[in-house]
Amino acid sequence: MLSNLAPLPKDSILGLAALARADDRVHKIDLTVGVYMNERGICPVMSAVQQAQQSLIQAEVSKAYLPAQGDPTFVREIVGLVLGQDHPAIHEQRMTAIQTPGGCGALRIASELIAAANPRAKVWLPSPTWPVHEPLLGSVGLEFQRYSYYDHTQHGLDFESMLNDLQGVAEGDAVLLHGCCHNPCGADLSESQWQTIADLLLERKAMALIDVAYQGLGDDLETDAFGLRLLARQLPEVLIAASCSKNFGLYRERTGATIVVTQTPKETEIVLSQALGAARRLYSMSPAHGALIAGRVLASQELNELWRAELMQMTQRIQSLRSQLSQRLSVVTGQDFGFVAHEKGMFSFLGLTQAQVQVLRDTHAIHMLDSSRINVAGLTDQSIEPLALAIGTVIAQ
Ligand SMILES: Cc1ncc(COP(=O)(O)O)c(C=O)c1O
């Protein structure tokens, strides 16, 4: 029977990452996957995470299942981190959350809730968006519509076209928004633009589905949550998919949460039962290790402070790489790369053609996605100059 299967094409990002890994040229620069690398090119275990892990291992006496909703400490703490401790929905008991296997699991549970509540809902995705959104949400059976987001010629957000497209949103549709550090373009909404989107969704009676996978890696934990908190205060209902992969460095531990704000405490109970039902059908229980670590970090004042300081260092490193790269590219090419300095988080498009990206890969051992999306956090102070020079060469050709 299995011989009937046809092979699927390789995942666009993982395929290019494998190519980069297989490149044995010593001077190679790998900017493909979205993983934070430190100055030594290592994706580090944060000290706060290491300490929490050690104390967890010493204290852990059982590997029995966690409660279906997840570790209670993690669930309480992640809600506070994302929504802010003083969010009215928390005090009014109009919100619930469930621990999930990473941000992907969180997105999937959120899309199961949308499909169960309104099977005819269209999900509006930004163009471009993270390529996994479509297969992840689409396998639930939901339909998609795209809205304009990034203007490749202007190297920035095209808010006017975004608003125009979103005029097509119907009651009961869901609009996916990147909470911060848009993947792949790094162009985020301003505070007033978030307000305009909140007004539009309220007027359309549409659901906001906010994917927040990079909280803390743009400006800081609070600023990066501005937009989602605004929507969660002003809209009657909101779905949030949060990931601890990047900001805790817990990638492989698969740690995340779906957070749902509802209109009434009664609805909250129903939504939770649906979320638990979806999890049971899909994977039964979330992995525990990462959530137990993140819960411990967040709940301990000492570890929490240490983690925030480490995260801030990571963010400042990314910001410094952005401004160095933007400056060197502008000087070397004579073009304006100022947008690289202003964009947020780990990703930016460099505005190169696929042919130029191919030359960089073949001739210069520089690896990025075909769209010229780079992981800024894959750069080091040493790799900026060779990258800028190589880009200068391909642009001049
Ligand atoms: C935009 C976006 N959303 C969600 C995720 C999910 O991350 P994970 O499932 O690893 O927590 C990612 C990971 O790269 C992402 O870039």
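Is R254 buried, exposed or partly exposed? With a relative accessible area of 30%, R254 is partly exposed (buried means under 20%, exposed over 50% and partly exposed in between, using a 1.4 Å probe and protein chains only). This is a predicted model, in which local features need pLDDT of at least 70, side-chain atom pairs count only at pLDDT 80 or more, and totals for chains, interfaces and linings use all residues. Residues are numbered from 1 along each chain as its sequence is written, and side-chain values use heavy atoms, with hydrogens and water left out.

Back to the backbone of R254: its phi is near 55°, a positive value in a residue other than glycine. R254 sits in the loop between β9 (238–243) and β10 (256–261); helices (H or I, at least four residues) and strands (E, at least two) are DSSP runs, numbered from the N terminus. A365 also has a positive phi, near 60°, and lies in the loop between α15 (354–364) and β12 (366–367). A365 is buried, though, at 0% relative accessible area.

Next come two cis peptide bonds. One runs from S127 to P128, with omega near 5°, and P128 falls in the loop between β3 (122–127) and α6 (133–138). The other links N183 to P184, with omega near 25°; P184 belongs to the loop between β7 (174–178) and α8 (191–204).

As for aromatic rings, the count comes to four pairs (rings of Phe, Tyr and Trp, its six-membered ring, with centres within 6.5 Å; planes under 30 degrees apart are stacked, over 60 edge-to-face, the rest tilted). Y214 and F347 have ring centres 5.7 Å apart and planes at 90°, so this pair is edge-to-face. Both residues, Y214 and F347, are buried.
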